[in-house]
Each structure stands twice: as C-alpha cells, then as structure tokens.
Amino acid sequence: MNALPTALPGPEPGPEPTGDAAAGTPRYELRVRAHGTDDNEIEVWQMPAPATQHLKAPLRIAGLRGRNLALVEHRVLRRLAKARIKPPTNQPPIAGERQRLPLDEDLAL
C-alpha cells in the first residue's frame, strides 16, 4: 500500500481568470495604414503582455508595403477574412490614417 496522499494540500481552487492573462499568450496587433491610393501598409506588432514581460514597448514583427504587399495581398486578405478581420484596404484612404486590430497568435505568426 502507498502511504502518500493522493492530492497535495494547497489553496482552494478559485474561479478561473479570464482574458489575456488567463491564456498566458502573447498579444499581437495588426496595423493597417493608408499612404495613398493603392498604397497601403500592413504591419504585425507584438504588444506587451504578462506572457511577454521582457517587452516594455510594442515590437514590430513584420510589415508589407508596395510591390511586396501587392504580390501577396490577396492571400493576406483571404487569411484575415477567415479570421473575420476586415482591414479597410479597399476604401478611399485618408492620408496617414492607421487602423489597429487585435490579432490571434496563430494568424500573426
């Protein structure tokens, strides 16, 4: 027979925390900026979160603009649409307008 207890004594389990802190996952943000007609910029930023304590300020992970964006824009927009994220890339631009959208970790990477 085993004389060890089946459960270790400890604090009573409480309600589960909610939000980003509960998940313990990094937070990402999609930033879309209109520079002019057919001149958009899409960037992915990692935001400070409890899971990424080494970050003190937002960190730019990646970005596309110009010819590089034009080559893959249809693919990027399709993946964003599957995640129900609709950046305003087809609307008339307002110079310097920037939109920030929360982004899932899997989609960000």
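Guide: Gladly. Four strands make up an open sheet, ordered β3-β2-β1-β4, with antiparallel pairing. The edge strands are β3 (59–65) and β4 (98–103), each of which pairs on one side only. From one strand to the next, the twist averages 20 degrees. The model is a predicted one, where local features need pLDDT of at least 70 and side-chain atom pairs count only at pLDDT 80 or more, while totals for chains, interfaces and linings use all residues. Residues are numbered from 1 along each chain as its sequence is written, and side-chain values use heavy atoms, leaving out hydrogens and water.

Visitor: What makes β2 and β3 a pair?

Guide: Two strands pair if DSSP finds at least two bridges between them. Strand β2 (residues 39–47) and β3 are joined by six bridges in the antiparallel sense, so they pair under that rule.

Visitor: How many helices and strands does the chain have, and what counts as one?

Guide: Three helices and four strands, in the pattern α-β-β-β-α-β-α along the sequence. Helices (H or I, at least four residues) and strands (E, at least two) are DSSP runs, numbered from the N terminus.

Visitor: Where does helix α2 lie?

Guide: Helix α2 (residues 67–82) lies across β1 (27–36), β2, β3 and β4, and runs at about 110 degrees to β3. For such angles, axes are lines fitted to C-alpha atoms, for helices over the stretch in contact, and the angle runs from 0 to 180 degrees between N-to-C directions.

Visitor: Why is Ile42 called buried?

Guide: Buried means under 20% relative accessible area, exposed over 50%, and partly exposed in between (1.4 Å probe, protein chains only). Ile42 has a relative accessible area of 7%, so Ile42 is buried. This residue is in strand β2. Leaving out residues up to four places away in sequence, Ile42 touches Leu30, Arg31, Val32, Ala62, Gly63, Leu64, Leu69 and Val76; contact here means heavy atoms within 4.5 Å. Ile42 and Val76 are 34 residues apart in sequence, with their C-alpha atoms 9.5 Å apart.

Visitor: Is Arg84 buried or exposed?

Guide: Arg84 has 78% relative accessibility and therefore counts as exposed. Arg84 is in the loop between α2 and β4, and has a positive phi of about 60 degrees although it is not a glycine.

Visitor: Which residues form the largest nonpolar core?

Guide: The term covers buried Ala, Val, Leu, Ile, Met, Phe, Trp, Tyr and Cys residues joined through side-chain atoms within 4.5 Å. The largest such core has eleven residues: Tyr28, Leu30, Val32, Ile42, Val44, Leu69, Leu80, Ile85, Leu101, Leu103 and Ala108. At least two residues come from each of β1, β2, α2 and β4, and β1 gives the most, with three.

Visitor: How do you know that the charged end of Arg31 sits over the ring of Trp45?

Guide: A charge sits over a ring if NZ of Lys or CZ of Arg is within 6 Å of the ring centre and within 35 degrees of the ring normal. The charged end of Arg31 is 4.2 Å from the centre of the Trp45 ring and sits over it.
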